[in-house]
Amino acid sequence: MYGDKSLTPAETMRLAVLGALTEGDVTYADLASGVRHFVERMVGPSLELLGSSLEVLRLEGLIEAADGRAGDQAPMRLTQAGRETFEKLMLATLRAPMNDIQRLVLALKLRYLDQLPAEDKADQIDLLLELTETELARLEDLRRSGSGGMFADWLDQEIAHTGKRRAWLQSCLEQAEADV
């Protein structure tokens with residue numbers, strides 16, 4: 001992790017793999033292609049996001065073959081150490097402003113948020129809400145700079161979208177807090 005407790009690109013890829021396995025056993029081949037598909041659709045092809053191979057995660061004891069078989073068709077599962085690492089990665093912070101890597105982390109957090117205990121889920125939604133409020137304040141400050149034309153129109157769209165995200169996250173937080 002970086003000094004601010006946000007994820008490195010390699011840790012982001014670990015979160016993608018471990019998160020996929022929180023949903024159930026998946027064959028080695030399907031796990032690799034599923035994670036690659038999700039990441040490429042979120043941020044496009046990226047050398048920065050090649051991450052460690054599934055074999056490294058297996059050697060570290062984070063994932064294992066569910067039935068002892070080897071090969072691409074072997075079903076993989078999360079180990080207890082893998083589950084603990086998944087939760088640690090899910091609780092990492094996000095950086096502002098949002099770049100491609102941070103958007104991927106956000107998407108992964110949202111995708112696997114239901115895999116966390118209720119209190120941690122509420123804390124993560126609160127973190128996302130705080131990040132969104134910071135992003136909204138930054139955009140509104142930029143808008144007050146008096147720029148016009150297409151840039152101002154674009155900023156207005158970004159502000160409206162971020163405001164909707166803030167309202168949505170606020171309602172999600174209220175629901176999560178009710179579940180605690």
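Colleague: What counts as a salt bridge here?
Modeller: A side-chain nitrogen of Lys or Arg within 4 Å of a carboxyl oxygen of Asp or Glu.
Colleague: How many salt bridges does the whole structure have?
Modeller: The search finds 9. This is a predicted model, where local features need pLDDT of at least 70, side-chain atom pairs need 80 or more, and totals for chains, interfaces and linings use all residues. Side-chain values use heavy atoms, without hydrogens or water, and residues are numbered from 1 along each chain as its sequence is written.
Colleague: What is the N to O distance for Lys121 and Asp114?
Modeller: Their salt bridge has 2.6 Å, N to O. Lys121 is partly exposed at 21% relative accessibility. Asp114 is exposed at 60%. Buried means under 20% relative accessible area, exposed over 50%, partly exposed in between (1.4 Å probe, protein chains only).
Colleague: And Glu135, buried or exposed?
Modeller: Buried, at 11%. Glu135 forms a salt bridge with Arg138, 2.6 Å from N to O. Both sit in helix 6 (residues 118-143), 3 residues apart, so about one helical turn separates them. Helices are DSSP runs (H or I, at least four residues), numbered from the N terminus.
Colleague: Switching to rings. How many aromatic pairs?
Modeller: The count is 2, by this rule: ring centres of Phe, Tyr or Trp (its six-membered ring) within 6.5 Å, with planes under 30 degrees apart stacked, over 60 edge-to-face, the rest tilted. Phe86 and Tyr112 have centres 6.3 Å apart and planes at 80 degrees, so they are edge-to-face.
Colleague: Where do those two sit?
Modeller: Phe86 is in helix 4 (residues 80-90) and Tyr112 in helix 5 (residues 100-112), 26 residues apart. Both are buried.
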